[in-house]
Amino acid sequence: MTDAIEFNEGLIRRYDKAGPRYTSYPTAVEFHQGFTAETYAEHIALSNQRGGPLSLYFHVPFCDTVCFYCACNKIITKNRQHAEPYLENLYEEIRMQAELFDSNRVVEQLHWGGGTPTFLTHQQMRELMAHTRQHFTLADDDKGEFSIEIDPREADDATIKLLRELGFNRISLGLQDFNPKVQKAVNRIQTEEQTFSVLDAARREGFRSISLDLIYGLPHQTVESFSETLDKVIAASPDRLSVFNYAHMPDLFKTQRQIATADIPAPQVKLQILHRTIDKLTAAGYVYIGMDHFAKPNDELTLAQQNKQLYRNFQGYSTRAECDLIGFGVTSIGKVGDAYVQNVKTLPEYDEAIKAGKLPVLRGVELDDDDKCRRDIITRLICDFALDIPVIEKTYNLNFNDYFADAIEDLEQFAQDGLLQYKWDSIEVLPAGRLLIRNICMVFDKYSQQARQRFSKVI
Ligand SMILES: C[S@@+](CC[C@H](N)C(=O)[O-])C[C@H]1O[C@@H](n2cnc3c(N)ncnc32)[C@H](O)[C@@H]1O
Ligand code: SF4
């Protein structure tokens, strides 16, 4: 399979519609409150019977200042003490959840996300990891994938050293854009020095993979200004890059109202920025993994994609398929056995549940056989840009053409438009279809009719 990607503006414009990012299937809009802490416990018991490794996600919701574009689940405060009662509850949640999981199951993946995990003091970070290690068995450094999201404004050499000591071996740094006018408009002032000194420290400490987050479509960005940021990033040579599309949805995210719509690049300019980004990153030797992600050719993600062993979860792409994912903290999402589960979203709700000795489950969804088959198809298409139809037919005991009769017309249209090749035994996404993979997946998404109205644009 070639890793080529073709930027076809006509097709992108034609297919430009809202679509989910498929970090789960069914997507979070299908989660419902009929799924309770008791349902979750039943799924944990079933998953213990199957066994297998675990993945842990910890949500640290605090940030020191607000970035106006931000769509993450965060709480803005300058007071570090605000984290204390939250952490006490988190430790209790770790204890409660650990009791339900078989203690022989090894944690092969761990992630701290946010908000800003490095908002925590060094002592708080030590304690959080100590509680985790007290209740779960973590894999060794060479086997485990232990990652953390860092805001370079909230970290220095000592923080990076500590994180490595605590067991982290992967790091992603929020950067977004170096241009001062853009930074001012989004209220995120971050110098090159701040960013690269953290990156250098991570290299010195032996982090295995270093990733940078950028956003295109921010106010005042132009093709030229974003190119300058890209040049600096390419020169620093991170292992991976995420280049997210800024979705301006001020009705949903209040702080985005601070961004004047008139300052946001027009759709045509955004497309040009994306085009230039893809050209520059591929010319610099990065491989397009899919959905905003690029990696070096020898990176684990790229190799896993080539070997058809790439997977997708709430943190993006992953090389670990079989892990059950346990989410800790407000808004966190878990995947255990054939169910997804999400925690309550606010600090008072979280506090109330934990103080009452209950798991802070807000909602979730159980997958039926149809969901599992569709999830498998969507995952393979996103990760491999290809689908082996006989494997699906055999695994789910169905005839593909009959079962997905509704999808055939769309697939044939995609084939005519040069997005994919569709044969009796396979679908192969062509270079022009790679940027439109969400559209292709939506054909297999039973819920997409409702979903289409609620998601951000594909590009
Ligand atoms: C939790 S933050 C990363 C850690 C840290 N809080 C920071 O900002 O450096 C996750 C990433 O999501 C991306 N992001 C946040 N809001 C976004 C939006 N509205 N559109 C696109 N990307 C967004 C940013 O690239 C950000 O770095
Ligand atoms: S981008 Fe990061 S630092 Fe900025 S508000 Fe969002 S979570 Fe906080």
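## Ligand 1 and its contacts

An oxygen atom of ligand 1 sits 3.5 Å from a polar backbone atom of isoleucine 150, where a polar contact is a pair of N or O atoms within 3.5 Å; within protein, one must be able to donate a hydrogen and the other to accept it, and residues adjacent in sequence count only if both atoms are side-chain atoms. Taken alone, ligand 1 exposes 560 Å², of which the protein buries 89% (Shrake-Rupley areas with a 1.4 Å probe; for residues, only the protein chains shown count as cover).

This is a predicted model, in which local features need pLDDT of at least 70 and side-chain atom pairs count only at pLDDT 80 or more, while totals for chains, interfaces and linings use all residues. Residues are numbered from 1 along each chain as its sequence is written, chains are lettered from A and ligands numbered from 1 in the order written, and side-chain values use heavy atoms, leaving out hydrogens and water.

## The shell around ligand 1

Ligand 1 is surrounded by 20 residues, the closest being Tyr69, Gly115, Gln176, Arg188 and Asp213 (a residue is near if one of its heavy atoms lies within 4 Å). The shell divides into 9 nonpolar, 7 polar and 4 charged residues (Ala, Val, Leu, Ile, Met, Phe, Trp, Tyr, Cys and Pro are nonpolar, Asp, Glu, Lys and Arg charged, and the others, Gly among them, polar).

At least two shell residues come from each of strand 6 (145–150), strand 7 (170–176), strand 8 (209–216) and strand 9 (240–245). Strands (E, at least two residues) and helices (H or I, at least four) are DSSP runs numbered from the N terminus.

## Ligand 2 and the cysteines

Around ligand 2 you will find Cys63, Cys67, Tyr69, Cys70, Gly115, Thr116, Asp151, Arg153 and Arg188. An unreviewed UniProt entry annotates Cys63, Cys67 and Cys70 as "binding site"; such annotations may be inferred rather than shown by experiment.

Cysteine 63 belongs to strand 2 (residues 62–63) and is buried, at 11% relative accessible area (buried is under 20%, exposed over 50%, partly exposed in between; 1.4 Å probe, protein chains only).

## The whole chain

The protein chain has 17 helices and 20 strands. Of its 459 residues, 57% count as buried.
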